Amino acid sequence: MLTELVRRAVGAGIDRVDRIVEGYSNEVYRVRCADEQDVVVRILRFDDGDLATSSAGEAGAIESARAASVPAPEILLQDTVRIDYSEFPVMVQRTVPGRPLGEVISRLSQHQRHDVLAEIGGLIARINGSMSMTNATGRPRWRPSWLPDM
């Protein structure tokens, strides 16, 4: 299944697959393609809400962030896959350069931490300034499954 998804997304075979065992809603794989590009395959399997709606909302949020020049993955393929007689939304995304903050924050000086947090605040402000968080009915466009109904 991963081989076909990656081939459809980037036209290349797979050299290596690493399962990422973090997060809540997605089954995630980091894939090194035969042509040396890196992609992430995310299969939305464990969300409590409507999977198709959650996936579409997340894709919209990613595209809105990109439109605001906020570093976010390029979505190369958005589709569904059949696993154990059920359909699940899947996204293949280009990786974003850099390292997760959790991996490096303990090695940063107080000044560097301040700078990083200020930059994150600026990115959040750009996202909030560029996109409506609600749809035409006033409901949130995208909500993580852990956020309670209000």
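**Notebook: loops, hairpins and a helix**

I started with S69 and found its place in the loop between helix 2 and strand 4 (75-83). Helices here are DSSP runs of H or I with at least four residues, strands are runs of E with at least two, and both are numbered from the N terminus. Before going on, I noted that this is a predicted model, where local features need pLDDT of at least 70, side-chain atom pairs count only at pLDDT 80 or more, and totals for chains, interfaces and linings use all residues. I also noted that residues are numbered from 1 along each chain as its sequence is written, and that side-chain values use heavy atoms, with hydrogens and water left out.

**Positive phi**

S69 follows helix 2 and has a positive phi of about 60° although it is not a glycine. Most residues other than glycine have a negative phi.

E36 is another non-glycine with a positive phi, near 75°. I found E36 in the loop between strand 2 (26-33) and strand 3 (38-44), exposed at 61% relative accessible area.

**Hairpins**

Strand 2 and strand 3 form a hairpin with 4 residues between them, and E36 sits in the turn. I see them pair in the antiparallel sense over 7 bridges (pairing takes at least two DSSP bridges between two strands). R32 has D38 in strand 3 as its bridge partner.

On to strand 1 (residues 14-20), which runs antiparallel to strand 2 and is joined to it by 6 bridges. I20 stands opposite V28. This hairpin has 5 residues between its strands, and G23 in the turn has a positive phi of about 100°. Strand 2 is mostly covered, with 6 of its 8 residues buried.

**Helix 2**

I checked the length of helix 2 (residues 51-67): its 17 residues should span 24 Å, and the end C-alpha atoms are 24 Å apart, which agrees. The expected span is 1.5 Å times one less than the number of residues. Its buried residues include L51, S54, S55, E58, A61, I62 and A65.

Which residues does S55 touch? Leaving out residues up to four places away in sequence, I get L44, Q78, P89 and M91 (contact means heavy atoms within 4.5 Å). S55 counts as buried, at 5% relative accessibility.

Methods:
Buried means under 20% relative accessible area, exposed over 50%, partly exposed in between (1.4 Å probe, protein chains only).
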